[in-house]
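Morning, everyone. Please have the sequence and the model open while I talk. I'll go from ring pairs to the core, then helices, loops and confidence.

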Amino acid sequence: MKKVLFLLVLFSSLVFANERILFNVIKNVSIPNVENTIKNAKILQKDLNAQNFTNFLQSWKKVEALYFAGDLNEDFLDTPRYIDVFNNLKEDLNSQMKMVIESKDEVNVALFKNSFKTINALEYVMFNDKHISQREKELSVAILNSMISHLEDINEVYKDYLVSKPKDEKWENALIINTLIASSYRLKEWRIGNASGNSSKFKNDAKNERAEYFLSQNSFAAIDAILDAHKQIVLKNKYYDFAGFALDKGAAIQLLMAVDNIDEMKNELKTLPKDDFTKANKLFKNAKDLHNAYYVSLIEQLSIVGKILDADGD
């Protein structure tokens, strides 16, 4: 009798878990994305070339765009900034990394700042010159070791969540849409607007050098990866997902608007000269439309409260 009761409770908990959107997103999207990023980081360590760097940064952008770990465990709220400091650093990282490369200090001593062990620092080390020196190889491996460690922490948070006591379902659903909202804001303002001269901070002052991956010419690749991450959420999957939840709430039109905006952005990227933000006015408008699709149309239909976004931050 006890065995039968245990099986019934187990079955009920599994059914309940399968109806929780965030549970399914973490299991089917977040964990695979993190594990793919770890894999790509290790590949890059073994062969420091441009294509492997692009593969790594694109997989990381998917993790960053859909970062839930800080809300699931407050101890990991700042973890993304130990991996990526784009638009979150006041100092000139490139000039500092130049000194790190030229320093005679042992690698782990030279990389004494958290910002020196980020993907932004790695980009400078790998792409400041045509050839990667032995010193730069050693620095790159150490930087990647640090990032891999943080990625493994993120993966652990997600795996712990799958076996933990469920949180409030409304809170979980709000977390998903607010994560999309925050990501689309950064996409619009930071990753497109600042370089294209469309953001409030750099109005009518386009400058490609402000792009996220100017040195390696991977800024469009990063944007494309972020859009792919969004599609992992807004497109319907076989499991019960955010798209299924939105459809159940009668938000089919609003959801379709978001999907269309993503596709328009991906298509517009293909028409532009590589990483040329001086011609990205339409791309910025598309990004603004995507942000509004989440922050105005979709969130209203879902009756979820959106987070207030800082003009200069998250």
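Let's start with the rings. The structure holds five aromatic pairs. Rings of Phe, Tyr and Trp (its six-membered ring) count as a pair if their centres lie within 6.5 Å; planes under 30 degrees apart are stacked, over 60 edge-to-face, and the rest tilted. Helices here are DSSP runs (H or I, at least four residues), numbered from the N terminus.

Are these two residues buried or exposed? Phe53 is buried, and Tyr213 is too. Buried means under 20% relative accessible area, exposed means over 50%, and partly exposed is in between (1.4 Å probe, protein chains only). Ring pairs also link Phe53, Phe127 and Tyr213 into a cluster.

Next, Phe112 and Phe116. They form an edge-to-face pair, 5.4 Å centre to centre, with 80° between the planes. Phe112 counts as exposed, at 61% relative accessibility. Phe116 is buried, at 3%.

Two charges sit over rings. The rule is that NZ of Lys or CZ of Arg is within 6 Å of the ring centre and within 35 degrees of the ring normal. Lys167 lies over the face of Trp171, 5.5 Å from the ring centre. Arg186 lies over the face of Trp190, 5.8 Å from the ring centre.

A word on how to read this. This is a predicted model: local features need pLDDT of at least 70, side-chain atom pairs count only at pLDDT 80 or more, and totals for chains, interfaces and linings use all residues. Residues are numbered from 1 along each chain as its sequence is written, and side-chain values use heavy atoms, with hydrogens and water left out.

Now the core. The largest nonpolar core has 95 residues. Such a core is a set of buried Ala, Val, Leu, Ile, Met, Phe, Trp, Tyr and Cys residues joined through side-chain atoms within 4.5 Å. Which residues have the most contacts inside it? They are Phe68, Met97, Tyr158, Phe242 and Tyr294.

Take Phe242. Beyond four places in sequence, Phe242 touches Ile21, Asn173, Ile176, Ile177, Leu180, Ile233, Leu298 and Leu302. Contact means heavy atoms within 4.5 Å.

Follow that to Leu180. Leu180 is in helix α10. At 0% relative accessibility, Leu180 counts as buried. Setting aside residues up to four places away, Leu180 touches Leu66, His230, Ile233, Val234, Phe242 and Tyr294. Leu180 and Tyr294 are 114 residues apart in sequence, yet 7.2 Å apart in space, C-alpha to C-alpha.

Ser30 is another one to find. Ser30 lies in helix α2 (residues 21-46). Ser30 is buried, with a relative accessible area of 4%. Its contacts beyond four places in sequence are Val25, Leu66, Phe68 and Tyr158.

α11 is mostly covered: 12 of its 16 residues are buried. Those buried residues pack against α2, α3, α10, α12, α13 and α14. Helix α13 (residues 252-271) has 20 residues and reaches 29 Å from first C-alpha to last, close to the 28 Å expected at 1.5 Å a residue. The expected span is 1.5 Å times one less than the number of residues. Buried residues of α13 pack against α10, α11, α12 (242-248) and α14 (281-301).

Back to the loop between α10 and α11. Asn204 is found there. Phi of Asn204 is near 60°, a positive value in a residue other than glycine. Asn204 counts as exposed, at 72% relative accessibility. Gln217 is in that loop as well. Phi of Gln217 is near 55°, also positive in a residue other than glycine. Gln217 counts as partly exposed, at 28%.

Last, confidence. pLDDT is the predictor's confidence in each residue, from 0 to 100. The protein chain averages 92, and 92% of the residues score at least 70. Where does pLDDT stay under 50? One stretch is residues 1-17, with three contacts beyond four places in sequence. Another is residues 310-314, with 13 such contacts. Where pLDDT is low, the predicted coordinates should not be read in detail.

How values were computed. Helices (H or I, at least four residues) and strands (E, at least two) are DSSP runs, numbered from the N terminus.
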